[in-house]
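Me: I should like to learn how to read the overall fold of a model and then one of its helices. Could we proceed step by step?

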Amino acid sequence: MTLDPDYYHYERYRPQAESGGALAAYYALKPLIPRALQLGARRLYAHRQARRPFPAWPIEPIALELERQRLRALLLRHRARRLAILAYWPDRKRFAFALTHDVEGPAGIANIERVLEVERKHGFISAWNFVAEDYEIPAGVFELLSDAGCEIGLHGISHDCKLFQSRRRFEAQLPLIHAYMSEWGASGFRSPATHRRAEWMHELGCLYDSSFPDSDPFEPHPGGCCSIFPFTFGDLVELPITLAQDHTLFAILRARGIEVWLRKAQWIIQNNGLINVITHPDYLVSQQRLACYDELLGFLADQEGGWHALPREIALWWRARSRSEVLGAQPQADAWSQGCGPCAPLSGCVAWLSERDGKIIVET
Ligand SMILES: [Zn+2]
C-alpha cells in the first residue's frame, strides 16, 4: 500500500482487467435480460462482491489513516503539542451531510413530492440529479424543487453508461453536458451507474462531481476513492458517495432495516467526514422504504454538530478551503485563515490539532 492519497482517489489500485471479463459481459447483455433475472443474478454475485478485501465494504479506513499520518507529521514538523489547522467544516461543525437523489425515470418523477415530504419533516433539503434525454421532465418539476430550496444536477445525457467508454464518446458528449448544466443552472454532475474515469473528471467543467463512492463493490465499476472527505481533481471538487445506495441495500442485499447506514454514518461522524447520501425516488416507493429513509433522516437530525448543506455549498466550501491556509500555527498566536469564502467569522475555520495517548485529535 502506498502513502499517496491520489493512488486511492484515482483508483490506481484497480486491475485493468476489471473493466472486462464476466462483469463487462453481464452489463453488455443486461438490456436483454428480464428485470427479475437481472436482480437474481446481482443478488447471487453480491455476496462475493461484499467480501472483496480491498476496498473493504462498507468501511475502508486506509485514506483516513493517511490523513491521520499527515496530521501527525504536521505536529512533529512544528514541534507543537497543539496546532491550529484548517477545520474540515465551517462554523465549528463536526461533520457534514448532504442528501442527493438520482431520478431514473417517470416513476421517480411521480414520487418526488412524497420524498420531499419526508425531508420537510426534518427541515432538510436535497439535490436532484436528472438524466437529460432519456425521459421527459414535465414543466414545473424544476420550479417545484427550487421552490423547496433544492438543487438540480445532471445525471448524464443518457443512462446508457457509455460516457467514459472512449475518448471520442466523452469528447462528443462534453458540449451537451455543458449546455444542459448551464440551461438548468446546475453545478454538479453524477455519472449514470457511477461510471467514471478520474483522469477525465476535471473536463466536466463544473463545480463538483459526485460519482466516486468511497467504497462500493456492487456497482458495474466496483471500487472507490476510499475517502470520506471531499478532494479535488484539478479545479473540480469531488464529493464522494459515502453511504450504500438504497437500491443496493434494499433490492440487492435485501436489508430489512438501516443498520448498515447507521453503522457507517456513526463511523463517519466520529471521524469528521462527509455523509453523502444517494437515494432514488424511483425505489423509495413503498411505505416501508420511505420509513427507512425517514429513520435515517431522524438519526442525522439527532446528531450534534452536523452541517446540513446542499452539495454545491459543500463543494464551494471545500474549494475555498483547499485554497486557504492557517497562518499562525500556535494557539497562543492569533490564528486566522485567508481566502475562506462561505464562512464567517473566519475564526470558525480553525480547528485544533493535538495528540493524546498516541491518538490524533481534531477539535473545533
Ligand atoms: Zn442512475
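Predicted model: local features only at pLDDT ≥ 70, side-chain atom pairs only at ≥ 80, totals over all residues.

Me: How many helices and strands does the protein chain have?

Reply: There are 12 helices and 14 strands in the protein chain. Its radius of gyration is 21 Å, close to the 21 Å that the globule rule gives for 364 residues, so the chain is as compact as a globular protein of that length. The C-alpha trace spans about 65 × 45 × 45 Å along its principal axes.

Me: How is the length of helix α11 checked?

Reply: One compares an expected span with the distance between the end C-alpha atoms. Helix α11 holds 16 residues (287–302), which at 1.5 Å a residue should span 22 Å; its end C-alpha atoms are 22 Å apart, in agreement.

Me: Which residues of α11 are buried, and which exposed residues lie on the face turned away from them?

Reply: The buried residues are Cys292, Tyr293, Leu296, Leu297 and Leu300. They cover an arc of only 135° around the axis, and therefore lie on the same side of α11. The face turned away from that buried side carries the exposed residues Gln287, Gln288, Gly298 and Asp302.

Me: What covers the buried residues of α11?

Reply: The cover includes the strands β2 (95–103), β9 (274–279) and β10 (306–308), together with the helices α6 (112–121) and α10 (259–270).

Note on methods
Residues numbered from 1 in each chain as written. Helix = DSSP H or I, 4+ residues; strand = E, 2+ residues; numbered from the N terminus. Rg over C-alpha atoms; globule rule 2.2 N^0.38 Å. Expected span 1.5 Å × (residues − 1). Buried ≥ 20, exposed ≤ 12 C-beta atoms within 10 Å, placed from the backbone. Arc of directions from axis to C-beta. Contact = placed C-beta atoms within 7 Å.
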